[in-house]
Structures are given as structure tokens and as C-alpha cells.
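Q: Please take a close look at the charged side chains of this model. Which ones pair up, and where do they sit?

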Amino acid sequence: ECEDPKACTILLRGGSKDVLNEIERNLSDAMQVVRNVVYNPKLLPGGGATEMAVAMGLRRAGLKVEGVQQGPFQSVGEAME
């Protein structure tokens, strides 16, 4: 109905005041993340994604090496996982 909306209302409901406060905090964090991505669209993978990529690269590099030299690549790759 509104052609150029500038604001919206979000109604939060929770079982208790503590739950409602946690929901409000999580929503605020999520909106800040969206704002940051819109203004500066650069993301860095989290949750160990960088370490997993390095571990996979080490294991692949280890497959190209023959003999005892292969062991350190595989061991460090496995340790990083």
C-alpha cells in the first residue's frame, strides 16, 4: 500500500521477560549484521571454515607427495579438522 516505506514495526512475543529480552537482543544483532553487509558487502566465513579449507588443502597437497614426506601434510591436515 505504501510505495516508498521508510520504517516497519516488528512485534515480539515471548513466554517470559527474559525470553523476550533475548529475542530482542538477537533481532538487534541480526539487523546490525544486515546493515553491515548492505553498507560493506564483504564477508569472512566463520565457524572454523577457514581452518577446514586449510586442512583440506594440506591433505590434497599431501596426496601429491610420495613417501614419508606425505605424513606431515596428512597429520597437520587431520589435526586442523
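**Charges and salt bridges**

A: The protein chain carries 9 positive and 11 negative charges, and their mean positions are 3 Å apart. Lys and Arg count as positive, Asp and Glu as negative; His and the chain ends are left out. Each charge is placed at NZ of Lys, CZ of Arg, CG of Asp or CD of Glu.

The model is predicted: local features need pLDDT of at least 70, side-chain atom pairs count only at pLDDT 80 or more, and totals for chains, interfaces and linings use all residues. Residues are numbered from 1 along each chain as its sequence is written, and side-chain values use heavy atoms, with hydrogens and water left out.

The protein chain has three helices and zero strands, in the order α-α-α from the N terminus. Both element types are DSSP runs: helices are H or I, at least four residues; strands are E, at least two. Of the 81 residues, 5% count as buried. Buried means under 20% relative accessible area, exposed over 50%, and partly exposed in between (1.4 Å probe, protein chains only).

Now the pairs. The count is five salt bridges. The rule asks for a side-chain nitrogen of Lys or Arg within 4 Å of a carboxyl oxygen of Asp or Glu.

Arg25 takes part in two of them. One joins Arg25 to Glu22, with the closest N and O atoms 2.8 Å apart. The other joins Arg25 to Asp29, at 3.2 Å from N to O. Glu22 and Arg25 are three residues apart in helix α1, about one turn. Arg25 and Asp29 are four apart in helix α1, again about one turn. Together, Glu22, Arg25 and Asp29 form a network of salt bridges.

How open is this network? Arg25 has 44% relative accessibility, so it counts as partly exposed. Glu22, at 37%, is partly exposed. Asp29, at 38%, is partly exposed too.

Another bridge spans two helices. Arg59 pairs with Glu78, the closest N and O atoms being 3.7 Å apart. Arg59 lies in helix α2 (residues 49-64) and Glu78 in helix α3 (residues 70-80), so this pair ties together parts 19 residues apart in sequence. Arg59 is partly exposed at 26% relative accessibility. Glu78, at 52%, counts as exposed.
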